[in-house]
Number of protein chains: 2
Amino acid sequence: MGAMQNENLSKTLIFVKSSKIMKVGILGGGQLGRMLLQAAANFDVTTYVLENDAQCPAAHLCHHFTLGNIQDYDAVYNFGKNLDALTIEIEAVNVEALAQLEKEGVRVYPTPSAIRTIKNKVLQKQFYKDNEIPTAPFFITQHASEVSAHIDFLPAVHKMGEGGYDGKGVQIINNEKELELAFNVPSVLEKKVKIASEIALIVGMNASGETIIYPPAEMIFDTVYNLLDYQLSPAKLEEKQLWKAQAIARKVVKGLNSPGLFAIELFIDGQGEIWINETAPRVHNSGHHTIEANYSSQYDMLLRILLDYPMGNTDAILPSAIVNIVGSEGHTGAVYYEGLEEVLKMDNVFVHIYGKKQTKPGRKMGHVTIISKDYQDLTHKANKIKHTLKAITK
Amino acid sequence: MGAMQNENLSKTLIFVKSSKIMKVGILGGGQLGRMLLQAAANFDVTTYVLENDAQCPAAHLCHHFTLGNIQDYDAVYNFGKNLDALTIEIEAVNVEALAQLEKEGVRVYPTPSAIRTIKNKVLQKQFYKDNEIPTAPFFITQHASEVSAHIDFLPAVHKMGEGGYDGKGVQIINNEKELELAFNVPSVLEKKVKIASEIALIVGMNASGETIIYPPAEMIFDTVYNLLDYQLSPAKLEEKQLWKAQAIARKVVKGLNSPGLFAIELFIDGQGEIWINETAPRVHNSGHHTIEANYSSQYDMLLRILLDYPMGNTDAILPSAIVNIVGSEGHTGAVYYEGLEEVLKMDNVFVHIYGKKQTKPGRKMGHVTIISKDYQDLTHKANKIKHTLKAITK
């Protein structure tokens, strides 16, 4: 009798849940959260953001903003406990709180287990090895002293397991003389391999295990103009390379066994061999162009996965390029966008400013997407924008 | 000496103004405001919304929401007095407060004068006549009794000068027997003319008087399937018709002499003659497709005008169709979107749900944009979506 009542009750709850408006939370309030919320306004969904900075790019675009530390157990747990679904826009979050929320029935996509694997470079690298995903040869070191056992392996890249980001926590060790640069915490010592090109694929999986994959994007390092990088998509790969890249991307998401959206960064060497560099368990800078250039953007796709809607169409409408607007060297303070009007005049160009008040060297302040059926037009405009638009102080 | 100081001071103020973050306000918080704010998140701008309903579609997407009546002088004046620029998403606003704000230096686009002309159908019609813009023959009536002086003019459409919207305030008077239906307030009595097709053009003007114009969109009334309307763009017009339509649209915005964005609804008769039906001084339902189908959307364009940035590119990336999701007959209450998942599965389709909690017959709940180089694909999918997606109660 009691059991029957419970069964009826749980059916009722399921029914109510399927017809009510979903509550979706985001840990982190940066530009990725901002663009996710722009896309969320196409759905009937109530949005929540947790972030330590009330002036962050995403704060004003959600229904409910909570000021708090995404690395703090209580802050994350209390934020998530009344939500239907929860995602992240940065890996540095409290995974234990997410695991508890998952246990209590909140959809946490990517899963806490996947975040745990990826946010630690040692575990991430071990995951590739265990799943036979091609990656550069490596050793795991617990202490700096262990690196000296691998002199023959140098030159190598030493990567901190946890705590590294934006170039911090990564150190090239070329030879024995540079051993003193090694990190004295659990780290990956990875063979330094010559890279011919660098590509990225956005891959997604829903709760039923269905996967989608976007056309690859290629990072372009322009040696003629001596410019910073920009990105082209779809990358022009040989068919076999494309297949291999897609197979790797699918293997990662299947191996992580987690719904969500993932960016897979791959290296290609001079012989055309492909291996994985790293994975991000979230929407990613390398997928910004999908807002205008693909039928379903990476943001739209992640929302579909979170809301358990059908997956979207990853096809490109037109080829595209992304130019990142990063804070210029030597400029720290209130931002001014030099050359913005000139770029806004371009015919097939989409400017995204993230609304950050302060610029500093290297800070991601915005991006510009160019779409065109003509790859020459893409590279020409990307170069022009790189030369024109600057985030500086005045 | 004092004068010199003032001059220096005013130069300093101008400099500060040009480098600070602009404050842009919107009167009204419906779906047009919602989509304008989605686009505003691509710019470095602080956003404000005034609306009487804290649950309105745009409330959660602005930086600062103010609960208040957009028809109330004090509410509008106090809302606008600290803003740099102000626009509307509905005509029924307090124009006197806007006029005062304009006088005090706030950019009010469209101008209060343009809103005043357009929101009153008598003044709007007189404006067309004064500016030699082709429009259906009409009389202006102050009282219901005056209609009887125009028996020979029937059948005609009687339109209230002020207060009409969504079909209210519009009455067809076919013959003498129906004279009792006439409005007893200042109204337009307009000749009922046979319409072959109905098109709309979005036109914009910036503060320097530069104009842009989007490709025309055509309303399709499908008699085979007996369906409600949907919209195709670019409309397939003869070149001469296109020129005339564009000339009319430009004449309206030049005649109103107002920066801003305007939707011009035009009728075409069996002889190919074109005349104006009405103007909306704002972003408009007939321009929703520009979000995905054009380089600069109507929302992006209005923001450029408000921020005094260069105008955008109105070209279509691909042809497109819009299907409106309106509340089904016989359904009033908490909304449920029947068929949503089926539509989300379609390859080249973009769903926009406005987030309104309650549906009622005819209420605009969302829209779907289809893009395709193939017009047959557009009409086929538009019909399918019309049959599939319904805003109902469960």
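In this predicted model, the C-alpha centres of domain 2 and domain 3 of chain A are 29 Å apart. The domain assignment of chain A places domain 2 at residues 137–191 and domain 3 at 197–392, while domain 1 covers 2–108.

Chain A also holds an open sheet of four strands, in which the order is β6-β9-β7-β8 and the pairing is antiparallel. Its edges are formed by β6 (138–141) and β8 (170–173) of chain A, each of which pairs on one side only, and neighbouring strands of the sheet are turned against each other by 20 degrees on average, with direction ignored. Within the sheet, strand β7 (residues 156–160) and strand β9 (residues 187–191) of chain A are joined by five bridges in the antiparallel sense, and Ala156(A) is found opposite Lys191(A) of β9(A). Helix α6 (residues 121–130) of chain A lies across β6, β7 and β9 of that chain, and runs at about 50 degrees to β9(A).

Turning to chain B, the axes of helix α4 (residues 95–103) and helix α5 (residues 112–119) of this chain come within 9 Å and cross at roughly 160 degrees. Because angles over 145 degrees count as roughly antiparallel, α4(B) and α5(B) are described as roughly antiparallel to each other, and the crossing in which α4(B) passes α5(B) is left-handed. On the side of α4(B), the contact is made by Val95(B), Leu98(B), Ala99(B) and Glu102(B), which meet Pro112(B), Ile115(B) and Arg116(B) of α5(B). Sorted by class, this contact of α4(B) with α5(B) has five nonpolar residues and two charged ones, with no polar residues.

Terms used:
Residues numbered from 1 in each chain as written. Chains lettered and ligands numbered in written order. Predicted model: local features only at pLDDT ≥ 70, side-chain atom pairs only at ≥ 80, totals over all residues. Domains from an automatic or database assignment. Axes fitted to C-alpha atoms, helices over the stretch in contact; angles between N-to-C directions. Helix = DSSP H or I, 4+ residues; strand = E, 2+ residues; numbered from the N terminus. Parallel < 35°, antiparallel > 145°, perpendicular 65-115°, else oblique. Left-handed = near helix turned anticlockwise from the far one by under 90°. Contact = placed C-beta atoms within 7 Å. Nonpolar A, V, L, I, M, F, W, Y, C, P; charged D, E, K, R; others polar. Pairing = 2+ DSSP bridges.
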